[in-house]
Amino acid sequence: MFLNPERPRRLNQILSLAGLTSRRKADEWIKSGRVVINGRTVTEPGTRAVWGVDLIEVDGTAIPGPSERLYLMLNKPFGYVCSLSDPQGRPLVTDLVRELGERVYPVGRLDFDTMGLLLLTNDGQWAHRLTHPRYRVPRTYKVTVGGRISDSAVDLLQKGVMLEDRRMYRAGVGLIHRGEKQSLIRMTITQGKSRQVRRMLEATGYRVVHLIRTHFGNLALGDLKVGEYRHLEREEVKSLGKLVGLG
Ligand code: URA
């Protein structure tokens, strides 16, 4: 599950694991002579090294050493499944991080047809805490609904709607745009029940047309492109951990 630091790896994989760049860009860096191993410039993309043992420099600066844990933010595209296998053979979110060569797991789930911020990690405790209902980590969505959303529906979502499990679910709601054909709202919820946003809107008489998660805890999706991922900064991992009583 964790990185074996002693294993020789391709240089492009190391640069990607270190969070510096993608494997493809790393190959370009290598070919253009920007990468030095133990004082010797390498230009062959297939070169292997032992991360944490060999001294690897890019543009004269040593790269960070291996951390055992991987923490990623992915902008999940429409039409991907948040599990490790799919009986219907649909694309998996983990396909999008395959180049890492390490197993990581989605932190909670987004529906097949939901896009946006999805965390992936191999740190089981961090993932478990972030998805545990007890910690009420806020998740924010941009939600496009069919039709002109009424003030009373917004009010209801804020006060609480009852779902099939006979529990009340409420959300922080901001109106972004109200149109005749479609409306756009921002919704923040602190539970992660299956299809919760869609079901809450259905309960108020609206159909979700498009759903994007923009925030998870204090992390924002920012300008990460659809289908791309980035490694979280150390500080981001720590501050999310703090929200759920870690560190
Ligand atoms: N709520 C939903 O309805 N779907 C998601 O994917 C996430 C939250």
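**Exercises on the ligand site**

The ligand sits in the second largest pocket; sitting there means that more than half of its atoms lie within 2 Å of the pocket's grid points. This is a predicted model, in which local features need pLDDT of at least 70, side-chain atom pairs count only at pLDDT 80 or more, and totals for chains, interfaces and linings use all residues. Residues are numbered from 1 along each chain as its sequence is written, and side-chain values use heavy atoms, with hydrogens and water left out.

**Exercise 1.** List the residues around the ligand and sort them by class.

*Solution.* Next, sort them: four are nonpolar, two polar and three charged. Finally, look at helices: α5 (residues 196-203) gives the most to this shell, with three residues.

**Exercise 2.** Find polar contacts of the ligand (N or O pairs within 3.5 Å).

*Solution.* First take the ligand nitrogen, which is 2.7 Å from a side-chain N or O atom of aspartate 111. Then turn to ligand oxygen: one such atom is 3.0 Å from a polar backbone atom of arginine 198, and a backbone N or O atom of glutamine 196 lies 3.4 Å from a ligand oxygen.

**Exercise 3.** Which domains each supply at least three shell residues?

*Solution.* They are domain 2 (71-134 + 219-243) and domain 3 (138-216).

Key
A polar contact is a pair of N or O atoms within 3.5 Å; within protein, one must be able to donate a hydrogen and the other to accept it, and residues adjacent in sequence count only if both atoms are side-chain atoms. On a 1 Å grid over the protein atoms alone, a cavity is a set of points where a 1.4 Å probe fits but cannot get out, and a pocket is an open set with protein on both sides within 12 Å along at least five of seven lines; lining residues have an atom within 4 Å of a point. Helices (H or I, at least four residues) and strands (E, at least two) are DSSP runs, numbered from the N terminus. Ala, Val, Leu, Ile, Met, Phe, Trp, Tyr, Cys and Pro count as nonpolar, Asp, Glu, Lys and Arg as charged, and the others, Gly among them, as polar. Domain bounds come from an automatic or database domain assignment.
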